[in-house]
Amino acid sequence: WDGGTLGGAKKKPNKPKVAKPPPPTKKQKAAAVATEEQARAAAAEWRAATKQKQTQEQAAAGGGEETPERQAARAYRTGVLMRCPNVSPADDILLSGLKRASRVTATAGLKDPVLKERNKSAKQLDALTTNLCKPLGEYVKGFPRIERLHPFERALLELTLREGRYETTLYQVDTVRKGMLNIGKGLTARAAKAKGPKEAVNIREEGFVEMEKYFNKGKASIDELKEIAKTLRRLPVAELQTPTVAMVGAPNVGKSSLVRVLSSGTPEVCNYPFTTRGVKMGHFFIQEKRHVVTDTPGLLWRPDENRNKIEKLAIATLEHLPTCIVFVTDLSGLCGTSVADQMAIRDDLFTRFAHRRPWLDVMSKSKLVPALGGDLCPDLVGSWSDGDEAEAVATAEKLLGEGALAVSAEEEINVDSLRAHVTTTLIKHRATLVDTDAYGAFDPGAVGSVTPGAERAGGQWRTPTPMAPIKRVSRTD
């Protein structure tokens, strides 16, 4: 038979076999990835340029010039870290995806066994792809970009997590999502073109195994992202509209005791993940308005680049939050830091922050400082030299001349005066929060920031007239 008719039927000519192209080499794959990254970078630049143009047009329409300060104020939103998505464990995502995908049935109305099995296999593979990729995409999208965080929260994130951990984990999770998406699309297309029911079933079963195996490879990154989310949600929020008193000084100078006398009897303790030590915080009310007082970690006299993470947290608090700084100096010789080093820390911080932060100097433990009318601690008898005494006297005279207060929290010496000074400063500070810049900075010279009767001494604003004392509230209130 030469291809003619046989019983009225014609033999279909055989289709020529087409050779499959060879698989791409590693060099070709790398070139494809590089091209894709270039395209992605170009798209990101285009989106950024478009957004900037729209922002400038909106600012022009509003009659104001688009300044970097206005851009930053609009971009930064506090409390973003607390809203990080709740990441499910990788095993739960996988089991849920497999279970939901296996319950998918073929489209109603299909009677042909081949079409029915094709449809069912393709739909189940597509459902599995969606159930595994969609949560990962929502997680990656729900975590904020570091450049959009408020500087204080950015510093918290960088100090809490090891360098690069945040970005690397998000990238790895997104890579798992993209890989699952590519595998799922390919398997779905193969199942839809299966030649028979058995082949469709085989493709579906092999596809489930392959996707599960690939997902398990990225399981560690997903669980890592879950731990990061739990850690970030425990971090404090930058309260830019809540005046904050920051107790600053060297370690063991008595900052915690002052926190207790200024706020509730038992300060709240926040245990930060990057240190075994805690940061004590208390809350109190002035004229029915909530205020915060915090005991920042102790600082040592050394350059910022040599400071540890907990010291950098103290600097970040002063740099980015609307704080009233109360610098605490201990002249009793009991804190472990020399008076010279304490004054060096004080002078450095005063130069950096006093021109834009309310500043008050406090000398603690006055009951144990002879230069302040107290008695020398018995433990120091024999080791307290004339040089130590002279240094304490000179420092006390210098600070008292600049308006410092000598207090003793244990004996409640001058505690009422400290409360009155903090009260007047906070009322003045609260009235100027509308003038804060994008970083929460405070300018004592801003319009409306100085109350009548205030005077400037030694580069600091001092208000001699005390107002109503701080209303102390308990935790139950």
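Predicted model: local features only at pLDDT ≥ 70, side-chain atom pairs only at ≥ 80, totals over all residues.
A helix here is a DSSP run of H or I at least four residues long, with numbering from the N terminus.

Is Thr395 buried or exposed? Its relative accessible area is 8%, and the cut-off for buried is under 20%, so Thr395 counts as buried. Leaving out residues up to four places away in sequence, Thr395 touches Leu331, Val339 and Met343.

## The protein as a whole

Zooming out, the protein has 13 helices and eleven strands. Of its 477 residues, 43% are buried. Take the contacts between residues at least 6 apart in sequence: 75% of them join residues at least 24 apart.

In soluble globular proteins, nonpolar side chains tend to be buried together. In this model, the largest nonpolar core holds 51 residues. Leu136, Phe143, Leu157, Tyr166, Phe215, Ile222 and Leu232 have the most contacts inside that core.

Back in the largest core, Tyr166 is one of the residues with the most contacts. Once residues up to four places away in sequence are set aside, Tyr166 touches Phe143, Pro144, Ile146, Leu157, Leu161, Ile228 and Leu232.

## H4 against H6

Two packed helices are described by the angle between their axes and the distance between the axes. For H4 and H6, the axes come within 9 Å and cross at roughly 170 degrees. Angles over 145 degrees count as roughly antiparallel, so H4 is roughly antiparallel to H6.

On the H4 side, the contact residues are Arg118, Ser121, Ala122, Leu125, Asp126, Thr129, Leu132, Cys133, Leu136, Gly137 and Val140. They meet Leu170, Val173, Asp174, Val176, Arg177, Met180, Leu181, Gly184, Leu187, Thr188, Ala191 and Ala192 of H6. Sorted by type, the residues of this contact come out as 14 nonpolar, five polar and four charged.

## H3 against H7

Next up is the pairing of H3 with H7, whose axes come within 11 Å and cross at roughly 165 degrees. That angle makes H3 roughly antiparallel to H7. The crossing of H3 past H7 is right-handed.

Who makes the contact? H3 brings Ala90, Ile93, Leu94, Leu98 and Ala101, while H7 brings Phe208, Glu212, Phe215 and Asn216. By type, the residues of the contact of H3 with H7 split into seven nonpolar, one polar and one charged. Phe215 also shows up among the residues with the most contacts in the largest core.

Helix H9, residues 255-262, is mostly covered, with seven of its eight residues buried. The buried ones in H9 are Lys255, Ser256, Ser257, Leu258, Val259, Val261 and Leu262.

Ser364 belongs to strand S8, which covers residues 359-364. Its relative accessibility is 4%, so Ser364 counts as buried. Beyond residues up to four places away in sequence, Ser364 touches Val253, Val328, Thr329, Asp330, Val369 and Val407.

Conventions:
Residues numbered from 1 in each chain as written. Heavy atoms only, no water. Helix = DSSP H or I, 4+ residues; strand = E, 2+ residues; numbered from the N terminus. Buried < 20%, exposed > 50% of the residue type's maximum accessible area, 1.4 Å probe, protein only. Contact = heavy atoms within 4.5 Å. Core = buried A, V, L, I, M, F, W, Y, C linked by side-chain atoms within 4.5 Å. Axes fitted to C-alpha atoms, helices over the stretch in contact; angles between N-to-C directions. Parallel < 35°, antiparallel > 145°, perpendicular 65-115°, else oblique. Left-handed = near helix turned anticlockwise from the far one by under 90°. Nonpolar A, V, L, I, M, F, W, Y, C, P; charged D, E, K, R; others polar.
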